[in-house]
Amino acid sequence: MNNHYQLVIIGGGAAGLSAAVTAANYDLRIALIDEQAAIGGQIYRGIESVPKQRGKQLGDDYLHGKSLATAFHRSDVDYFSSTQVWSVNKQGEIGIVNNNQAQILTADQIIIATGAMERPVPFPGWTLTGVMNAGAGQVLFKSAGVVPKNEMVLAGSGPLLLLLATQYLHAGIKIKALLDMSTLTNHLYALPKLPQALLAAHYLIKGMKLQQELKQAGIPILEGVSGLKALGDDNKINSISFKHNRKQKTFTTDLLLIHFGVIPHIWLTQSVGCHHRWDDSQQCWQPKHDQWGKTNLDGILIAGDGSSINGAKAAEYSGKISALQAVYALGKINKQQRHQLTLPAKKSKQQERCIRPFLERWFAISDALLITADDETLVCRCEEITAGEIRQAVHEGHHDSNQIKFINRCGMGACQGRQCANAVANIVAAETGKTIHEAGIYRGRPPVTPITLGQLANLYPQEKQ
Amino acid sequence: MKTEVLIIGGGLIGSSIALQLALRDCQVTVIEKESSGRHASGVNAGGLRQLNRHVAEIPLTIEAAKLWRNIKELVDSDCDTCFPGQIRVAENSEDLKKLQQRQSLVKSLGYHHEEMITKKELYQLAPALSPHCVGALICREDGYARPYHALTAFRHKAESLGVQYSTDNEVYRLNKLDNVWEVRTQKGEFKADVIVNCAGAWANKFAEILGEGVPLTPKTPMMMVTERLPPFINPVIGATSRKLSFKQMQNGTLVIGGAYLAKLDFQQQNTEIDWKKLSESAQTVMALFPQLENVRIVRSWAGIEAFMPDNLPVISASSTEKNVYHAFGFSAHGFQLSPIIGKIISQLILDGKSELPIKAFDIRRFLRSFPN
Amino acid sequence: MFKQLRLDSPLPINLTINNRSIQVNQGMTVAAAVLIHGLSYTRTTAISGVNRAPFCMMGVCFECLMVINGQPNQRACCTYVEEGMQVEIQQGAMAYPRSQL
């Protein structure tokens with residue numbers, strides 16, 4: 001039974017590390033599995049190897065990850081790096097690939113801490129080379145010191161754009177413009193949520209400071225931008241066009257970094273059979289969970305931004321809470337202890353959440369973006385299915401996301417629908433008048449990341465004839 | 001709402017029956033508890049196989065094959081059909097003997113759709129096969145279609161002829177009053193002269209209501225599909241002493257089945273892949289196509305399908321009530337038969353008898369008193 | 001599109017991308033190496049054959065699939081450079097040459 005653990009944590013970001021460090025105090029056999037070669041997740045990516053100067057450019061919030069990393073390495077948790085999880089099921093079986101070999105681990109308790117991904121928003125030209133997620137740009141910077149060569153454009157909606165622009169500024173990278181695509185109506189609706197947000201005023205202050213710094217550096221921030229298109233030839237971006245102040249504008253650029261907020265990365269919880277709900281405020285699906293991080297399935301817990309988007313600090317607290325729930329379920333602490341031990345983390349998490357309703361409203365993605373009007377725009381990048389083809393399928397009587405998948409294969413490519421699921425549901429909902437929840441999400445079809453026939457055939461090597 | 005025929009189940013069988021009835025000017029309503037194709041009809045392998053069927057099914061499968069050949073005439077769409085043949089390979093002399101016996105049997109019944117082929121011809125047809133095979137049984141006219149596309153075509157054609165579908169609507173109760181069936185559903189009451197039970201894995205609920213419950217078991221055959229590959233094999237490949245169905249679709253993906261079963265929670269309608277068994281399925285593929293070792297599986301799934309103890313469907317009039325008919329229990333090989341089932345049931349309803357022999361599929365075979 | 005801030009790793013790694021020898025920092029992903037060496041794309045699609053480049057850099061979009069040391073369909077953003085690594089742009093569904101099937 002050396003493949004059996006009392007607790008397996010999937011994901012080595014803020015939530016996963018915090019969960020591991022917490023649970024490690026209770027004399028349990030624990031494993032942490034992470035897809036990357038080094039811990040840190042996306043927020044603290046490269047945290048263990050970042051050179052001093054680059055760390056400074058990236059800022060203090062980033063460097064906070066160091067303390068988590070240090071604590072993790074002090075613990076005696078079994079650490080599986082560069083390991084993909086391709087399946088989790090209700091029996092507590094966890095399919096992994098490590099060193100090109102597939103195997104099954106088993107666990108009594110599983111904490112899924114797979115974090116967030118950037119919200120895919122199809123717009124004309126988004127599949128051209130030279131169009132990339134802003135978070136991708138940030139990953140390149142954090143993990144490898146790789147930055148844009150020429151003057152480039154940032155566009156979209158969300159605090160990451162300001163943060164990345166400032167980080168680039170510190171590294172001396174030229175930014176042609178930052179196109180803010182959040183709408184004026186957003187800002188009006190967000191105002192009533194401001195008083196609550198003031199309880200976490202340091203975030204607001206940080207945001208304003210970033211904005212000010214960019215303005216002082218002379219970086220044009222264009223507000224209320226709409227109708228963004230990436231243009232190019234030979235599959236390569238050479239310019240963008242957009243609407244600003246009722247005028248059509250064009251910029252030449254060889255790189256467009258886009259960002260439309262982040263959403264929970266739910267492909268694992270979806271595939272194991274956790275129930276999910278559509279959250280209107282965060283505009284995404286979330287696995288249903290209670291205050292302890294428990295999902296509807298026994299022994300399957302969730303922590304961090306994979307459950308709902310609350311940021312790295314909240315993820316850390318949430319990892320702690322889920323870990324203590326697992327420790328409780330494993331009989332190492334009693335109910336009273338669980339209550340008391342989680343109290344501070346719960347309080348801090350609540351405090352972190354104060355800012356969220358305001359941010360969610362301020363940076364909400366407009367329907368014009370979520371429901372791609374341009375029929376020619378590819379929605380499913382893998383199978384190359386356009387918005388028009390999806391709309392046509394709806395008109396022919398296929399009235400939910402899964403039927404659309406059956407009829408025209410969108411979501412059947414290598415990414416398993418990660419890039420198109422939201423857009424398809426939004427289009428179906430808009431065309432049928434259903435809610436997005438009713439339009440539905442693709443059913444989970446493991447493996448969550450592809451495995452080879454050979455790996456599957458050798459899954460149980462000892463029992464091979 | 002009053003209709004002449006009410007069909008419970010909007011899958012391929014229900015839609016095919018609806019279509020045939022509508023072609024003969026019947027007024028038809030289909031009640032579907034979820035969406036058409038949510039279960040077996042949407043997620044099966046789409047095999048158009050006459051090869052190696054139970055002898056009782058041979059007359060039906062041959063007529064069904066004729067309909068599939070010209071499916072566009074029936075449903076205005078080719079359902080992405082193609083007919084590269086289905087092959088059952090022999091991996092050793094024992095396999096070969098079994099296949100030869102099978103072919104003799106089929107021939108002795110007067111059918112010629114199944115032929116033995118030599119090793120040489122086998123490798124001409126499927127050069128990608130591992131070199132150890134020694135011969136094969138083939139049905140050259142066999143092939144496959146895309147199941148959800150076929151279902152959609154049947155349904156659209158039926159709708160174009162006036163068939164009404166009521167989806168996301170579960171049937172709760174059946175009641176007969178003065179020769180009219182009252183059907184209580186989630187969305188209200190329907191009245192009908194005739195009822196057809198095509199509820200797939202859920203069909204026994206209605207058989208029980210009618211007092212003729214059958215030993216139906218819901219099972220969940222697993223399938224897996226790979227990434228797109230360059231075209232390298234045309235015919236559908238099965239094996240004699242291993243569980244395998246293997247084909248390359250026109251889009252390049254490989255669709256692999258083998259009747260390995262997933263875990264099922266029938267109440268929750270929840271299936272869960274059994275990795276141990278799917279691993280066996282992958283081992284079978286590796287034995288016949290070792291060069292595919294590094295090919296990636298991108299999805300696996302299992303649909304919920306009705307299995308009968310003898311693996312034969314129920315296609316018959318009710319034994320307890322007039323004006324009720326059954327077509328279910330296809331035991332994971334109903335896709336190919338579906339067009340002919342539509343004809344048979346519509347004939348039973350409108351003409352009182354079918355042109356084809358269907359005694360073997362009578363629901364009464366599960367009653368002790370029924371003479372076999 | 002991209003550049004390396006400075007060669008701050010003591011151990012440069014040698015690899016080839018489409019038979020071109022390049023040198024990059026240790027600890028860098030193949031996707032990052034491709035981007036700083038002026039290759040504008042990592043694969044062509046299996047359907048229409050258009051070029052695609054890394055998009056998410058975190059393993060979710062599967063756009064950066066490349067043939068790495070002869071193994072097709074490797075996510076370049078999740079694969080770290082190693083000495084002597086051979087990287088090729090993945091050409092559509094032909095990642096598996098027909099001759100191998």
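User: How many salt bridges does the rule find across the interface of chain A and chain B?

Analyst: A salt bridge is called when a side-chain nitrogen of Lys or Arg lies within 4 Å of a carboxyl oxygen of Asp or Glu. In this predicted model, the rule finds 2 salt bridges between chain A and chain B. One pair in a salt bridge is B:Arg228 with A:Glu383, at 2.1 Å from N to O.

User: How many residue pairs are in polar contact between chain A and chain B?

Analyst: The count is 19 residue pairs, with both residues at pLDDT 80 or more. On the side of chain A that touches chain B, β4 (84-88), α16 (401-408), β23 (451-452) and α19 (453-457) each supply at least two residues. By class, that side of chain A has 15 nonpolar, 8 polar and 11 charged residues.

User: What area is buried between chain A and chain B, and which residues of chain A lose the most?

Analyst: Buried area is what two parts lose in accessible area on being put together, summed over both. Here chain A and chain B bury about 3200 Å², and carbon and sulfur atoms give 55% of that. In chain A, the most area is lost to chain B by A:Phe406, A:Leu453 and A:Leu456, together 21% of what that side buries. Counted by contact, 34 residues of chain A meet 37 residues of chain B.

User: Which strand of chain B is joined to β23(A), and do the two run parallel or antiparallel?

Analyst: Strands count as paired if at least two bridges are found between them. β23(A) is joined by 2 bridges to β19 of chain B (residues 296-302), and the two run antiparallel. Within this pairing, A:Ile451 stands opposite B:Ile297.

User: Which domains does the assignment give for chain B?

Analyst: Domain 1 of chain B covers 2-63 + 147-217 + 308-366, and domain 2 covers 86-140 + 221-302. Their centres, taken over C-alpha atoms, are 29 Å apart. Each domain gives 19 residues to the contact between them.

User: What do domain 1 of chain B and domain 2 of chain B bury between them?

Analyst: The two domains bury about 1600 Å², 62% of it on carbon and sulfur atoms. In domain 1 of chain B, B:Ala45, B:Leu51 and B:Asn52 lose the most area to domain 2, together 37% of what that side buries.

How values were computed
Residues are numbered from 1 along each chain as its sequence is written. Chains are lettered from A and ligands numbered from 1 in the order in which they are written. This is a predicted model: local features need pLDDT of at least 70, side-chain atom pairs count only at pLDDT 80 or more; totals for chains, interfaces and linings use all residues. Side-chain values use heavy atoms; hydrogens and water are left out. Contact means heavy atoms within 4.5 Å. Buried area is the accessible area (1.4 Å probe) that two parts lose on being put together, summed over both. A polar contact is a pair of N or O atoms within 3.5 Å; within protein, one must be able to donate a hydrogen and the other to accept it, and residues adjacent in sequence count only if both atoms are side-chain atoms. Helices (H or I, at least four residues) and strands (E, at least two) are DSSP runs, numbered from the N terminus. Ala, Val, Leu, Ile, Met, Phe, Trp, Tyr, Cys and Pro count as nonpolar, Asp, Glu, Lys and Arg as charged, and the others, Gly among them, as polar. Domain bounds come from an automatic or database domain assignment.
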